Amino acid sequence: MPAAGKDLAGETSQRGWFVEVILKICEVGNPVLRKIARSLSADEIRSKEIQDLIGHMRDTMRDAPGVGLAAPQIGESLQIAVIEDKAEYQKGLTAEQLKERQRCPVDVQIIVNPQIELFAPTDVSFHEGCLSIPRLMAMVKRSRSVRVTCLDEHGDQRVIDAAGWYARILQHEIDHLNGRLYTDIMQPETLTTVENQQRSNAAPASAK
């Protein structure tokens, strides 16, 4: 799920002793996005291979930039997603918009093998985009409140209660792990480019 509009390219960069690995994001039409990803054992999660993958996913999400990235989006059909909603991603929103979306910063977190429970009807609509469907957005109805039971990056059990935009991010990324895209549940007549949606929001109310 994107934080702002930016195309992604695969690359590796080095900053001091830290090597940042940016992976190529799979776009809509790639069969991996339609598969139900497989779960992982706690031992698998702790392995160097999966720990490295999680680090690369985090780097790729931040580079995009996005607020979430699921493993199928980088070609790995595994039940892993990375989430982070930085305060800097929210600077373009007014206080009223932040309140309406119930949006606040979320620290980076890893969810593995998530199971989601909806605590409210799926009746809250906002524009939603996806790093695997670049340049487009549409209105999507989501639940305002959810509970996610999962494993973290250490293989330990976690229970996450989330509301507002945080809940929306979780629903979007968990959909990816089950082979679903937001276009499956969007309101078709609202499909638009990111540029047109931003232009519409910036226009005076009388001109909308």
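## A bridge between β8 and β9

R147 has D161 in β9 as its bridge partner. This comes from a predicted model. The two strands β8 and β9 pair in the antiparallel sense, with 7 bridges between them. Helix α2, residues 48–63, packs on the sheet. α2 touches β3, β4 and β5. The direction of α2 makes about 40° with that of β4.

## The sheet

What is the strand order of the open sheet? The order is β3-β4-β5-β8-β9, which gives 5 strands with antiparallel pairing. β3 (68–70) and β9 are the edge strands, and each of them pairs on one side only. On average, neighbouring strands of this sheet are turned by 40° against each other, direction ignored.

Two further pairings can be followed residue by residue. β4 and β5 run antiparallel and are joined by 5 bridges. There, I80 has V112 in β5 as its bridge partner. β5 also pairs with β8 in the antiparallel sense, again over 5 bridges. In that case Q115 has T149 in β8 as its bridge partner. Strands of a sheet pair through backbone hydrogen bonds, either parallel or antiparallel.

## Helix α4 across the strands

Which strands does α4 lie across? They are β3, β4, β5, β8 and β9. α4 runs at about 65° to β5.

## Two nonpolar cores

The largest nonpolar core holds 22 residues. Within this core, I111, V148, I160, A162 and L170 touch the most other members. β4 (80–85), β5 (106–118), β6 (122–130), β8 (145–151), β9 (157–163) and α4 (164–177) each supply at least two residues of this core. With 7 residues, α4 gives the most to this core. A second, separate core has 21 residues, including L23, I45, L53 and V82.

V148 lies in strand β8. Is V148 buried or exposed? Its relative accessible area is 0%, under the 20% cut-off, so V148 counts as buried.

Neighbours within four places in sequence are left aside here. V148 is then in contact with P114, Q115, I116, R158, V159, I160, L170 and I174. A162 is 14 residues from V148 along the chain, and the C-alpha atoms of V148 and A162 are separated by 8.1 Å.

## I160 and its contacts

I160 is one of the residues that touch the most other members of the largest core. Which residues is I160 in contact with, leaving aside its neighbours within four places in sequence? They are Q109, I111, V146, R147, V148, C150, Y166 and L170. Among them, I111, V148 and L170 are also named with I160 for touching the most other core members. R147, the bridge partner of D161, is in contact with I160 too.

## The chain as a whole

The protein chain has 208 residues, and buried residues make up 47% of them. There are 5 helices and 10 strands. Take the contacts between residues at least 6 apart in sequence: 68% of these join residues at least 24 apart. The chain exposes about 10600 Å², with carbon and sulfur atoms supplying 50% of it.

Key: Residues are numbered from 1 along each chain as its sequence is written. This is a predicted model: local features need pLDDT of at least 70, side-chain atom pairs count only at pLDDT 80 or more; totals for chains, interfaces and linings use all residues. Side-chain values use heavy atoms; hydrogens and water are left out. A nonpolar core is a set of buried Ala, Val, Leu, Ile, Met, Phe, Trp, Tyr and Cys residues joined through side-chain atoms within 4.5 Å. Buried means under 20% relative accessible area, exposed over 50%, partly exposed in between (1.4 Å probe, protein chains only). Helices (H or I, at least four residues) and strands (E, at least two) are DSSP runs, numbered from the N terminus. Contact means heavy atoms within 4.5 Å. Two strands pair if DSSP finds at least two bridges between them. Axes are lines fitted to C-alpha atoms, for helices over the stretch in contact, and angles run from 0 to 180 degrees between N-to-C directions. Accessible areas come from the Shrake-Rupley method with a 1.4 Å probe; for residues, only the protein chains shown count as cover.
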